[in-house]
Amino acid sequence: MKKILAVCSKELYTYFVSPIAYFVCFVFSALSGFLFSVILILTSQRSGLSSIVLQTLFSQMAFILLFFTPVLTMKLFAEERKSGTIELLLTSPISDSHVVLGKYLASMTLLLIMLTLTLLYPILILFFGIIDIGLIFSGYLGLILISSCFISLGLLMSSMSRNQIVAALSSFGVILILWIVGILSNSEGSIAKILSYLSFHVHYTEFSRGIIVLKDVVYYLSFTCVCLFATVKSIESSKWR
Amino acid sequence: MKGKELLSPFFGFIALICSFVTIACLFLNTWLPFGIFLLISLITFGIFIRFRSIELKNLFTSRQFRYGLNVAVSLIGIIGIALFINIIVSQNIDKSIDITKFRHYSISAQSKQILKNLDQEINVIAFFKDTNPERSLVQEQLEAYQRESKLINVVFNNPELQIASTEKYDIRIDGTTVFDSGDRFEKVTIVNEQAFTTAILKLIQDLTQKVYFLTGHGEHGIDGSSNFRYSQVKTELEKVNYSVHQLSLLKETRVPDDCDVLVIAGPKNPINTQELRMIDRYLKNNGKLLLLLDPSIKSVDDIHSGLVKLMQKWGVKIGNDLVIDRQHFYVFSEGSIGLNLNFIYHEITQHYVNETIPFIYCRSVSPSDENKDKLSVKTILQTKSAVGISWAETERDQDGTFSSNGFTPNTDLPGPVSVGVLVEKDNTEIRSDTETTPTRIVVIGDSDFATDAIFATDNPDVPAYAPFISSIINWLSYDEELIVVDKPNPKSEILRMMNDNQERVVQVISVFLLPILIFIAGLVVWWYRREGGT
């Protein structure tokens, strides 16, 4: 665990001494803040429910994260490969799985910081009505689980590329495909059902409405585990390729 | 040899393209092209392997291949385990928890108990157009019912497309949900767990409520052959499982105990003191009354002064006047004039808000301040026009004919004029007793609008009134509230309206405050590192 934390703190330091963390947090908070103010003002004008504001906000935030997580993960391995430091990392006395988990934890920590900033929005709603703590808990749990999938997929893509841009674009592409296959959820047929089951969006819908469904939690956790395992194998393969 | 080297990539490429097309054919269910392309893929792939046999042999025996195979097998293994867990959980352990405060997406313990004891199949047919905004909400609600009982079958029908089913259940309102147990069915026009569970309860317990129409004072009868009878209303009420009867209080000592709703539909003669006392007693004992009262046209004095006084006690002021609206009116072919009234949004009127319904010769019926603390009195019908264009005329000639001088300030009641009200007795004292529901009254200043004469008209602009009366009876009899669902009221979640300053503060805090703080933090780190910090 100490080794994982060591990699994690090193990565977090790298995030915060470079402009990348500030840039991502700045754009994410500006964008989600703008959306929140629009949703809150419009709902208040129509005498709508506070839960509608939160549900819409959670749906929008998950979609925004789809664009930001590839930026957070693109450099994690691609940069190490490009600068040649990957050899140092792989020959150091820590295992590949420790490296992968350390980097994953660092990205998740940064993402949690980003999400913590958005707790300001439910507090603002309190001035104009009551808030549903259950809905907030479920919404944030969904955001954390879906981000975990995005980050693990981004790590996998970064481990397979030397170029940061290629890593970011490929992870964005795969995430986007796995997001939009959800449009098949209303279609008939077993293939459509399988594809819609793979969709990030379909599994997230219930979280944003305050419902925690076991199969959605299992899907997100298993997806993260498979991606992290594949990342470890991808790093291992660079030793004999 | 050289030819093989040149041709092998070509065959490999063809094999790849053909396999993509084969997969596409599989998705499109086009089986002949699927077979052809599968065959071509296999042949070209075979040729490719034949041409590259030496390279492939070297590859398969290399160290890299063995390591690669090892990775591939372990990856397939972990993906297989993940798939297995997902299939098991989604197929067999489909558990979910609604952790919202208002439990928007789950059903109450009372509903679950009723569904648990269900011993007959109930088909639920939801008549919703695709564009109906409540469609998804009702779908979620009904899915929650299905999760609790396998005896609930749900079908969604578009009332414009599934004509046979629409006609079978006589659906007139988009957004109607029918609960059918085979021999009986119940229609619900609101999306609400309480109404849904009540419908199921009525089907399984075979509950029938009784509606009594008062007779003996020239009221509109429910039988007979006159065009001014209420036979269509009777038919409509029977369709929704009410038992409809006539009642003459002249022969009775009290309103019957089994009377769920008493209807007084346009009496032409006064109701005597004895009868009024019986009605008063009935209302005090949590009775339900629908009073449809026409203006007193032929005499200056109100022939229904007794009823007017009784209603005054229940917070309803019935004017001795005639309501006029010079802008929103309707002329019938025989010359009589109907008013197009405004339906104020309520459970009773929700499906008629955009309807044009002509009410013929109305009197004003408005909330009064009597017993304000114990009664909730609301207007549900009023004229559409404002002061000067609509009013309640009070000036008359000696023979009772109303003046045609137009609106007279200080004498006439200015528009918009209330024509229909509902009264609900404070229910805090009674709610603990589940057998009794508190008094409810609906008073409308016209009775002719629901007669067969209106139904008989061939004008397509005139809608059917029977469902409107049926909605009133439903509300009066607590028809959709036979059980009280223990759920918090989501209305407390409604946001307060913001003023301009509050909107600006929200925008500044959410759009600018956080990003600026992050930007400043970034600048500080950059400056610190520039100064040589680590």
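**Exercise 1. Find which residues make the nonpolar surface patch of about 1,100 Å², and which helix gives the largest share of it.**

Solution. The patch is made by Phe26(A) together with Val508(B), Phe512(B), Ile516(B), Phe519(B), Ile520(B), Leu523(B), Val524(B), Trp526(B), Trp527(B) and Tyr528(B). Accessible areas come from the Shrake-Rupley method with a 1.4 Å probe. The largest share, 10 residues, comes from helix 14 of chain B, residues 500–530, where helices are DSSP runs of H or I with at least four residues, and strands are runs of E with at least two.

This is a predicted model, in which local features need pLDDT of at least 70 and side-chain atom pairs count only at pLDDT 80 or more, whereas totals for chains, interfaces and linings use all residues. Residues are numbered from 1 along each chain, chains are lettered from A in the order in which they are written, and side-chain values use heavy atoms, without hydrogens and water.

**Exercise 2. Decide whether Ile516(B) is buried, partly exposed or exposed.**

Solution. Ile516(B) lies in helix 14 of chain B. Buried means under 20% relative accessible area, exposed means over 50%, and partly exposed is in between. Because its relative accessible area is 45%, Ile516(B) is partly exposed.

**Exercise 3. Describe the largest nonpolar core and the surroundings of Leu40(A).**

Solution. A nonpolar core is a set of buried Ala, Val, Leu, Ile, Met, Phe, Trp, Tyr and Cys residues joined through side-chain atoms within 4.5 Å. The largest one has 81 residues, of which Tyr15(A), Phe36(A), Leu40(A), Leu143(A), Phe200(A) and Tyr220(A) touch the most other members. Its largest share, 12 residues, comes from helix 8 of chain A, residues 133–159. With contact meaning heavy atoms within 4.5 Å, and not counting residues up to four places away in sequence, Leu40(A) touches Val53(A), Ile125(A), Phe128(A), Leu495(B), Met498(B) and Val506(B).

**Exercise 4. Characterise the contact between chain B and chain A.**

Solution. The contact takes 52 residues from chain B and 58 residues from chain A. The buried area, which is the accessible area that two parts lose on being put together, summed over both, is about 5,000 Å², and carbon and sulfur atoms give 71% of it. Between chain B and chain A the count of salt bridges is zero.

Technical notes
Patch = residues over 30% accessible without salt bridge, like charges linked within 9 Å, V, L, I, M, F, W, Y side chains within 5 Å. Salt bridge = Lys/Arg side-chain N within 4 Å of Asp/Glu carboxyl O. Buried < 20%, exposed > 50% of the residue type's maximum accessible area, 1.4 Å probe, protein only. Buried area = accessible area lost by both parts, 1.4 Å probe.
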